Amino acid sequence: MWRYAGRRALATVPVMAMVALFVFSLLYIAPGDPAAIIAGDQASAEDIARIRVSLGLDRPFVVRFGEWLWHVLHGDLGTSIFANLPVTHMIAQRIEPTLSLMAMTLVFAIVVAVPAGVLAAARAGSWIDRLVMLVAVIGFSVPVFVVGYVLAWVFALQLDWLPVQGYTPLARGVLAWLRGLVLPVVALGAIYIALIARITRAAMLEVLGQDYIRTARAKGLGLAPILFVHALKNASVPIVTVIGLGVALLIGGAVVTESVFAIPGIGRLVVDAILRRDYPVIQGVTLLFSFVYVVVNLIVDLLYSVLDPRIRQ
Amino acid sequence: MSFARRDVLKFAAGALTVPAVARADAARVLRFVPQANLSSLDAVAGTQYVVRNAAAMVWETLYGVDSSFTPQPQMCEGHEASADFRTWTFRLRPGLQWHDGEKVTSRDVIASLDRWMVRDTMGQVIRTRLDALEAIDDRSFRFRLNRPFTKMLFALGKSNAPMALIMPERIARTDPFQLIRDYVGSGPMKFRADEWVPGSRAVFETFAAYQPRPEPADWLAGGRRMNFDRIEWQILPDAATAGAALQNGEVDWWETPIPDLVPLLRRNRDVVVDIADPLGNLGSLRVNHLYPPFSDVRARRALLMAASQPDYMAAVCGGDDALWQTTLSFFTPGTPLYTEDGGTLLKGARDYAGARKLLADAGYNGEKIILMVATDLPITKAEGDVTADMLARIGVNVDYQALDWGTVGARRAKKDPPGKGGWHIFHTWHAGADCINPAAYTALDAGGAKAWFGWPDSPAVEEGILAWYDAADAAAEKAAAVAINRAAFADVVYVPTGFFRQYQAWRRDLAGVVRAPLPVFWGVRRS
């Protein structure tokens, strides 16, 4: 098991190196210029050129990439061109809201979607099944920002139960923290619930048709033990896969959700950085997102081998 | 683990009291939604309006313009100008100190003006005429010039970036092309760098030792009395979220509500909507004068003949006619230099046939014309769409390039041919405060290669600008403005697409919000 985990972990190193090169190259060839944005609308072309030089943006690609990579290997992601703050500091400022949003969405989606999918499979063809699938189709079809606006209109503007925007740090109290997260989590969770519920249903339907389930029923086992002890474990590989894949979906969704609910998270940080061409921030955050994604995939791979030991061979 | 009923009740009661505490705090905190993200605080190295607006709380200028566009002493006690306007002597008012407790001295002023004069157009004019800028003592300093300069007070008090903000000497020594890293000022508010989350929040705290001037506040002039302990800028990039937050009382003041949401905000009795800046903005269709067909003045005049300001303004302002007006001038409507001389081609029904003929005379033969449109900004997107339609009507083969402002901002600086990374047309707008005279009006410069993007070359405009600088009285200034306007239309420096204002919105319990070229926080209080 440990050898398998070590092998998989090592395989992530070239992936991260490729990501680093790709991200840097992409930004190098992308249009736009942070110097023009710093200079503002009143500046002349000469002013912009002078600022470019002062930022070191006129140096060759290889020099800039080598320098950046060297710093990254030493744990330094650079300094924001605009805010003059270390990128690691800016990420640290924003990691809590994003982690809170993603973790709560993950928990919320799994808690809702897995039982819903199991129930839909167990009652295939019934109104429960149709209702779950209808909700799943809606969850898939309606964009996150629409769900977000509707939720904010109902629960913040009309009922005045929850705030429209913002984030309260966990240190200020669990209740206040949760209060600010409810709407973003529900908005972001909708599509994720739809995805997991559909996959759970499909995987469960396949398992429920197998002989050992019929045997369990014949033995007189209750519905709940059959579904949650015997069937769900064997259906879990595709469910775990889709949860892992969904993290990428969650990262993309978090960018939109953080904008709609003005959550000061990493998603908004990277959007702002892209609009301003704040290269060190874009590179740092992209590298971080890639790392998270690679780690999640690693965890998923390792979980496979726990759920199905045959995979290790 | 078990919970006693009393513990649960205590926990719930504690949770419920949080909003009450927050409400008490809110009375001393002003929550403001700025027009854009505050990415830096250096209004000398950068010219973004949002940066200028924040910097104006932290730093001050020697003079400040009031609502009649007259510079009034701000950090200065007063000045003496020699009869020939070659020597200007200033004295700082007593009691000025930096946020770190040090006194403001002439050395700080000289270092700050040295930095500003590198970046600002008016500063550059002063620099070309400067023999010496010298300290007389800790509170007095003097400009010695080799040519008269009558606009000194206006230059030192100008409200647009690069502003002549006075910084501590150690900060002012920063390269004018690099952003400052230290935010110690002498203004009424201190910047809390430790609470700054770029893209999300910027916090300003009252500077207890600040001594406001005795006069009442009037734009950037007069006493800057702060009625809040803290001003929190909350960056809400999504307009719908900002609108909802204002309606819900989560923020107090929104600088730039979009026209689409204004009717909704007006229906809310807790919200007030009013014009933000009486000086508004001038829409601009900017052409590249370096390459055909627009290197030929006839092609540029064809654009003047075909451009319909009502179409542009309807696209920008929606159905709200109170927000806009047509303008036959390069100067801000309602200000002293406004003149319509020379603007006849923009007047009356649009002449598409005439424009086609002029284009053909200029040698245009169906080549692709690159129209760069920043689609992430509603104003440039709306104007770009109108231009695409107008160009199609006069037979132009339009290459509509949908870009973001970051890309347009960088690409417009390229002087390469349009087919090789350059461009023909882009849209922008100029704050009316910048267009009240030629001093801060870089878009009006027509000095060829050194002019603003598009690089118009019009000796007549340049002569007019010089005449304005040397004008000794209002009549001479007006005469210069008339000459500039005529020449700018004759050579089509750019195509004015109309004059429009924008709204601001705030919670009804705020008093003292005024119409000004920038959000004026002093004097605002909770009623």
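Two residues count as being in contact here if their C-beta atoms, placed from the backbone, lie within 7 Å. By that criterion, and leaving out residues up to four places away in sequence, Ala55(B) touches Leu41(B), Ala43(B), Met163(B) and Leu165(B). The model is a predicted one, where local features need pLDDT of at least 70, side-chain atom pairs count only at pLDDT 80 or more, and totals for chains, interfaces and linings use all residues. Residues are numbered from 1 along each chain as its sequence is written, while chains are lettered from A and ligands numbered from 1 in the order in which they are written.

Ala55(B) turns up again in the largest nonpolar core, where Ala55(B) and Ile196(A) have the most contacts inside a set of 241 residues. Such a core is a set of buried Ala, Val, Leu, Ile, Met, Phe, Trp, Tyr and Cys residues joined through C-beta atoms within 7 Å; buried means that 20 or more other C-beta atoms lie within 10 Å of a residue's own. The biggest contribution to this core comes from α8(A), with 17 residues.

Chain A itself has 12 helices and 0 strands, taken as DSSP runs (H or I, at least four residues, for helices; E, at least two, for strands) numbered from the N terminus. Its C-alpha atoms fill a box of roughly 85 × 55 × 35 Å along the principal axes, and 40% of its 313 residues are buried. Of the contacts in chain A between residues at least 6 apart in sequence, 73% join residues at least 24 apart.

Now for a helix pair. The axes of α11(A) and α12(A) (residues 279-307) come within 8 Å and cross at roughly 140°, with axes being lines fitted to C-alpha atoms over the stretch in contact and angles running from 0 to 180 degrees between N-to-C directions. Ile266(A), Leu269(A), Val270(A), Ala273(A) and Ile274(A) of α11(A) meet Val281(A), Ile282(A) and Val285(A) of α12(A). That makes 8 nonpolar residues, no polar and no charged ones, with Ala, Val, Leu, Ile, Met, Phe, Trp, Tyr, Cys and Pro counted as nonpolar, Asp, Glu, Lys and Arg as charged, and the others, Gly among them, as polar.

Between the chains, 46 residues of chain A are in contact with 42 residues of chain B. Helices that each supply at least two residues to the chain A side include α5 (87-122), α8 (174-208) and α10 (223-260). That side divides into 27 nonpolar, 12 polar and 7 charged residues.

Notes: Buried ≥ 20, exposed ≤ 12 C-beta atoms within 10 Å, placed from the backbone.
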